[in-house]
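Welcome! Could you walk me through this structure, step by step, as someone seeing it for the first time?

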Amino acid sequence: MPDPTHPAHQLAAAYKREFARRLTDIARQAGVAAPETLGEQLALLFDSAAARGTALNSGHTHAYARSIAESLVDAALADAGPATL
């Protein structure tokens, strides 16, 4: 739905924003230095993997996406420095 005023478009956009917000919250709780960036990266990765997997009818897409997500999370945690308890 390309029309941003269409109710279906608004619902989909709200869902996408909420998903990214939840990932950002998790990243913040994990102590990531830039939680908004990681949240948006992971949301984009998820959306892309879902679209590609559907288009190609492939189950391999999610495994590749998981590997990328692990790299993103590891890098974000490394950038955060040592944990303080």
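Here is a short tour that goes from a helix to its rings, then to a pocket and a loop.

Please keep in mind that this is a predicted model. Helix α1 is made of 23 residues and spans 33 Å from its first C-alpha to its last, close to the 33 Å expected at 1.5 Å a residue. Which residues of this helix are buried? They are Ala20, Leu23, Thr24 and Ala27.

Threonine 24 sits in helix α1. Threonine 24 counts as buried because its relative accessible area is 8%, which is under the 20% cut-off. What does threonine 24 touch, once residues up to four places away in sequence are left out? Its contacts are Pro35, Glu36, Gly39 and Glu40. Past the end of the helix, α1 is followed by glycine 31, and the phi of this glycine is positive, near 90°.

Now turn to the aromatic rings. A pair of aromatic rings is described by how far apart the centres are and by the angle between the planes. How many aromatic pairs are there here? The count comes to two. Tyrosine 15 and phenylalanine 19 form a stacked pair, with 6.5 Å from centre to centre and 10° between the planes. Both of these residues belong to helix α1, where they are four residues apart, about one turn of the helix. Is tyrosine 15 buried or exposed? Tyrosine 15 is exposed, because its relative accessible area is 51% and the exposed class begins over 50%. Phenylalanine 19 has a relative accessibility of 23%, so it counts as partly exposed.

Phenylalanine 46 is partly exposed, with a relative accessible area of 44%. Taken together, the ring pairs link Tyr15, Phe19 and Phe46 into a cluster.

Phe46 comes back in the next stop, the largest pocket. Rolling a probe the size of a water molecule over the atoms shows where empty space is left. The largest pocket holds about 270 Å³ of space. It is lined by 17 residues, and those closest to its centre are Leu23, Leu42, Leu45, Phe46 and Ala69. By class, the lining of the largest pocket has 15 nonpolar residues, one polar residue and one charged residue.

Leucine 42, one of the residues closest to the centre of that pocket, has its place in helix α2. Leucine 42 counts as buried because its relative accessibility is 17%. Leaving out residues up to four places away in sequence, leucine 42 touches Leu23, Ala69, Leu72 and Val73. The C-alpha atoms of leucine 42 and alanine 76 are separated by 11 Å, and these two residues are 34 residues apart along the chain.

Further along helix α2 you will find alanine 49. Alanine 49 is buried, with a relative accessible area of 8%. Its contacts, apart from neighbours within four places in sequence, are Thr61, His62 and Ala65. From C-alpha to C-alpha, alanine 49 and histidine 62 are 6.0 Å apart in space, while in sequence they are 13 residues apart.

The tour ends in the loop between α2 and α3, where asparagine 57 is found. Most residues other than glycine have a negative phi. What is the phi of asparagine 57? It is positive, about 50°, although this residue is not a glycine. Asparagine 57 counts as exposed because its relative accessibility is 71%.

Methods
Residues are numbered from 1 along each chain as its sequence is written. This is a predicted model: local features need pLDDT of at least 70, side-chain atom pairs count only at pLDDT 80 or more; totals for chains, interfaces and linings use all residues. Side-chain values use heavy atoms; hydrogens and water are left out. On a 1 Å grid over the protein atoms alone, a cavity is a set of points where a 1.4 Å probe fits but cannot get out, and a pocket is an open set with protein on both sides within 12 Å along at least five of seven lines; lining residues have an atom within 4 Å of a point. Grid points are joined across faces, edges and corners, and a volume is the space filled by probe spheres set on the points. Ala, Val, Leu, Ile, Met, Phe, Trp, Tyr, Cys and Pro count as nonpolar, Asp, Glu, Lys and Arg as charged, and the others, Gly among them, as polar. Rings of Phe, Tyr and Trp (its six-membered ring) pair if their centres lie within 6.5 Å; planes under 30 degrees apart count as stacked, over 60 as edge-to-face and the rest as tilted. Helices (H or I, at least four residues) and strands (E, at least two) are DSSP runs, numbered from the N terminus. Buried means under 20% relative accessible area, exposed over 50%, partly exposed in between (1.4 Å probe, protein chains only). The expected span of a helix is 1.5 Å times one less than its number of residues. Contact means heavy atoms within 4.5 Å.
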